[in-house]
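Trainee: I've got a structure open and I'd like to learn how to read its features one by one. Can you walk me through it?

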Amino acid sequence: MEHIRMPKVENVWLVDRSSSRRTQVGTLYLTATHTIFVGKGSEDRNELWVLHSLVCNVVKHKASQSGYPLLIHCKNFQVIQFIFPQESDCHDVYISLSRLSRPEKYEELYCFSFNPNVGKAEREHSWDFLDLKAEYSRMGLPNKLWHVTPINREYRVCDTYPADLFVPKSVTLPVIVGSSKFRSRGRFPTLSYYCKENHATICRSSQPLSGFSARCLEDEQMLQAIMKSNPGSRFMYVVDTRPKLNAMANRAAGKGYENEDNYCNIKFQFIGIENIHVMRNSQQKLIEVSALRSPSMGEFLTGLENSDWLRHIKSIMEAGLFISKAVAEEGVSVLVHCSDGWDRTAQVCSVASVLLDPYYRTLKGLMVLFEKDWVSFGHRFSHRCGHLIGEAKEVSPVIDQFLECIWQLMEQFPCAFEYNEKFLISIHNHIYSCHYGNFICNSQKERKDLILCIIKEKTHSIWPHLWENKLDFMNPLFKPDQSQNQGLLRPSTAPYCFKYWRRLYNRFDRELHPRQSELDSLMTVKEETQQLEEELALYEQKMAVLDKEHAKTLYMQKGVLDSKQALWSLPLDTSLANTPQDYISGFIGGAPNVFTLQQGERESSGVADFSSHSSGEESLPSEESVKDPDSDETAM
Amino acid sequence: MEFAELIKTPRVDGVVLHRPFMPTVEGTLCLTGHHLILSSRQDNTEELWLLHANIDSIEKRFVGSLGTIIVKCKDLRVIQLDIPGMEECLNIASSIEALSTLDSVSLMYPFFYRPLFEVIEDGWQLFVPEEAFKDLESMTDEWRLSEVNKDFSVCPSYPSLLTVPKDIDDESLCKAASFRHGGRFPVLSYYHKKNGMVMMRAAQPLTGTNGRRCKEDEKLINATLCAGKRGYIIDTRTIAVAQQAKARGGGFEQEANYAQWRRIHKAIERSNVLQEGLIKLVEACNDQSHSMDRWLSKLEASNWQSNVKEILTTACLAAQCIDREGASVLVHGTEGTDSTLQVTSLAQIILDPACRTIRGFEALIEREWLQAGHPFQQRCAQSAYSNGKPRSEAPVFLLFLDCVWQILRQFPCSFQFNENFLIMLFEHAYASQFGTFLGNSVAERLKLLLSQKTVSLWSWVNRPQELERFLNPLYEPNNLVIWPSVAPQSLLLWEVPLQMHEMPKEHMDCEISMC
């Protein structure tokens, strides 16, 4: 609380950047966890809640006629502009927010103060929602070729790896230790995915410390053992996901890549995904493009091209596809690494897994995949997402890219995923929001060390929360039994198959999204169908009873029909909030000024709130801009 | 002329057909006067029936005695035929070339096609101006149906019956016609029931360099304004283009002479530029380099999405003037047969819920495109793969359909029809067994006796068994005006006509039918 210089400011303007007509006046509150704006004089919930942990940066703009503007950029791509009547207020809020949004210690993060009304037992239980052991046994492990090595139980061999790691049964502890010494940060080759059908595996590691000529017998034995643990194949792929030039440069620093001459039966392959710095700059450019106000088509497309973002997404997808094809079609095992093996390697392994295994295309499966390939394998969430104040150079949208790869796949295979886009966006939001404890810290060890394991003591796990709301995240088009949705997905990687993800990057620009949602309509139809089916079942039961009595049967049949019609004739409520945009900037003097507030907007088109029709809590993402849905539970 | 003369080899066995995203088929290739047919003569395999009229261009290749013909269609499909025997291949190729470039309209397939179904509702009689006028009469008495163009002498590209202000007599209409390009004087396009505002369309006024004026023209359009109200003239060209038009006798309405009107210039490209755009877009889609940079820069250079955005924006503007400003609107470009119609028809889709039904959309195509004199035959003579020198080909109608698709994507529950319906219209505009899109104007269609000698597309489409696949399962009538977003972030690339994927995604329909 000591950072809040000014807990409340009145007569602040909240500017709607898409339309100045919708600017509202209200009161701004700063709390320990949120910035809250409450619109004045409106009856509907005209509140804006912004978590401090989602704030990316705060910028004061030059004073204008209307006052002193403050711009808040959020990690979920929301941009909020306030205008203060007093310079001192603006400055105080600026100073407070700048500090509040840059916590120095993990304990300051929101997840440690987030306290929903659940008991201790339930909270602890939430951490058991996912079980990686069960995941490995789903894959068919351990088996006669692979087992868990106890070597890293104390995180002594590799402090960024999880405690439990699968290695070929045939490798001895000295081989593992030897191999780990020959790999950056001790990240020796270990199993990420096992394909039950043909025994091919995806293994992951960091780069070898090969320099120009160094070799390591144990490391070579390790790879040999991995290759041999796939009895059907005579070689394995080693995929270095970096551009060749980068890998070669690493040799000068005593690192590098595997020399095919030293390792038996490996086929070595570069893939050329750029490093975290390139990706960070690329996304920055993309965000700038997405935030352009009424750009021309040329500006937008040129900006998109110049950002290179889609090129990077394509390269990650191609890498994933290469690996998944090697495993599924050739039955060949693959070892994947980059430099440290926690960014590109995690991306590529998990994309390959989604392509290979339909399980990861289900809600539960994707959660497990996050836990396995990202959280447990030491993706540096806190560094990459900038959870704490620290090195700006460590921040990079690695996880965003993985989520986007899944989204691109969903666009190509609309019936292959159990979850929908909202699920991905929700996960994205919570990775950055620090609302839950899952993505705090940079490795399993750090998480365990953190002040006597307070993460599991004091924070909650996101997965049960998402699972409870799963109705919102379901894809009504999911058809798991359709043959093209089983087994390996073979996406096209033609450039035109990669699209701009408007729902993520323009998430809060309501006016840019379709005014009616196919997804919501389908969900409604599905719900209604389910209701009808239940009802039908009920009636059938009754009929069976009545049949016995041989009475009133006809009457009941009629009842079924009537209720069916009645339900179907329910309006879908597909009317919408919709007003014309500025189709020609300011050509008409005195443009219609009836829409000062959302209330006005709703009146003008006779809108029914679509979300009221579906049962979920977390409705359209755009509505979160009005109020963070989770903050309902917040203890202020 | 006998088609047989052009068919040197009517039949070849052992031909292999390759189509993107589909398994190859081996079978017998047959050429008839109007079709290229490939059949494996086995059950359960689809036969290929391709209209020669659909063929845009062909390419031949030889490897030894195996010939390959790549057939590029106007609906942008590309298929490959492997034909054993060099002579057969050459014969087939030259026959296809000859048969696909026949100039005479009366040799086209619609004149030979006999439907295998019973015509219950004759599409030719479905959308007559008299009926539309009856609807109008029920709402207002300020308009009349004029027969001034009965013999098409006042305006050859207009229909014989036109809706004009009641107080303007035929003589004034003739004078106004002489002041407008191609005789296309201002006529009613749409009446907005909600507030009584109207949209009119015309061609450019012939002011020329010396600023000619025409009192009757001024009176005609002023007659559509309520007392004391101003209207908007939407010129689909930039001010610079409109200025240049003066040198060729065209021009735009001078403020001094049209004091009650405010003129707005937009920048919809002329049809020849649109054609270049389509060619570049298709090239971009077929680029084999697989480079993201190349794709995006080629997509941008094609200007296709820019064109979609500009057309849609102009239509939204027209609709906004009418619905939000409560003002009447006159739309024109140069000839008034291309960009003008894109704008007036899209504005109606935005404003009028009736146009979002199947029947209403058909009526709109009939009214604002066919009867309004969009030169379909010229515009759709060739498509993106043509080797020939472009004459007046242009994807004006395809761009209109693309814009409709954009609105459909943004309002997926407000249209009775689905994407398949738009694709079907695109295909039939370029090549069809039906006579609907033949000819360039009502006058030409009458001369060709289309309604007697050919079947109307609507006669076929409106049969319940056909309609089924064009219905949008999510449709819930929405009586509101629908304002689409025209931001680049909101506009998508319409991939289906570009043949980028395996078939249109019909998942949604299956899903609903499952429920």
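This is a predicted model: local features need pLDDT of at least 70, side-chain atom pairs count only at pLDDT 80 or more; totals for chains, interfaces and linings use all residues.

Trainee: What does UniProt call residues 307-351 of chain A?

Mentor: The unreviewed entry in UniProt gives that span the feature "domain: Tyrosine specific protein phosphatases". Another record from UniProt, again unreviewed, puts an "active site" at C338(A).

Trainee: Where does C338(A) sit in the fold, and is C338(A) buried or exposed?

Mentor: Look in the loop between β14 (334-337) and α10 (344-356) of chain A. With a relative accessible area of 2%, C338(A) is buried, because the cut-off for that label is under 20%.

Trainee: Which residues is C338(A) in contact with, leaving aside neighbours within four places in sequence?

Mentor: Start with S205(A), S206(A) and Q207(A), then D240(A), T241(A) and R242(A), and finish with D343(A), R344(A) and T345(A).

Trainee: Let me try another one. Where is M317(A) found, and what does M317(A) contact beyond four places in sequence?

Mentor: M317(A) belongs to helix α9 (residues 309-330) of chain A. Its relative accessibility is 1%, so M317(A) counts as buried. Its contacts are V351(A), C405(A), Q408(A), L409(A), T493(A) and F498(A).

Trainee: Now zoom out. How many helices and strands does chain A have?

Mentor: Chain A has 22 helices and 14 strands, and 58% of its 636 residues count as buried. Take the contacts in chain A between residues at least 6 apart in sequence: 72% of them join residues at least 24 apart. The chain exposes about 26200 Å², and carbon and sulfur atoms supply 51% of that area.

Trainee: How do I read strand pairing? Which strands does β1(A) pair with?

Mentor: Check the direction and the bridge count. Strand β1 (residues 8-15) of chain A runs antiparallel to strand β2 (residues 24-30) of chain A, with five bridges joining them. As an example, K8(A) stands opposite Y29(A) in β2(A). β1(A) also pairs in the antiparallel sense with strand β7 (residues 79-84) of chain A, over three bridges, and there V15(A) has Q81(A) as its bridge partner.

Trainee: What about salt bridges? How many are there over all chains?

Mentor: The count comes to 52. For each one, I'd ask what it connects. Take E421(A) and R503(A), whose side chains meet at 3.8 Å, N to O. E421(A) is in helix α14 (residues 421-433) of chain A and R503(A) in helix α19 (residues 502-505) of chain A, so the pair ties together parts that are 82 residues apart in sequence.

Trainee: Are D217(B) and R180(B) buried or exposed?

Mentor: Both are buried. D217(B) forms a salt bridge with R180(B), with the closest N and O atoms 2.8 Å apart. This pair links distant parts of the chain, 37 residues apart: D217(B) is in helix α5 (residues 215-222) of chain B, and R180(B) is in the loop between α4 (170-178) and β10 (187-192) of chain B.

Trainee: Last one: which residues form a nonpolar patch on the surface?

Mentor: F62(B), M86(B) and L90(B) do, with about 240 Å² of accessible area together. F62(B) is in strand β5 (residues 55-63) of chain B and counts as partly exposed at 32% relative accessibility.

Key
Residues are numbered from 1 along each chain as its sequence is written. Chains are lettered from A and ligands numbered from 1 in the order in which they are written. Side-chain values use heavy atoms; hydrogens and water are left out. Patches are made of residues with over 30% relative accessible area and no salt bridge: like charges are joined within 9 Å, nonpolar side chains (Val, Leu, Ile, Met, Phe, Trp, Tyr) within 5 Å. Accessible areas come from the Shrake-Rupley method with a 1.4 Å probe; for residues, only the protein chains shown count as cover. A salt bridge is a side-chain nitrogen of Lys or Arg within 4 Å of a carboxyl oxygen of Asp or Glu. Helices (H or I, at least four residues) and strands (E, at least two) are DSSP runs, numbered from the N terminus. Buried means under 20% relative accessible area, exposed over 50%, partly exposed in between (1.4 Å probe, protein chains only). UniProt positions are given in the numbering used here, feature names are shortened, and annotations may be inferred rather than shown by experiment. Contact means heavy atoms within 4.5 Å. Two strands pair if DSSP finds at least two bridges between them.
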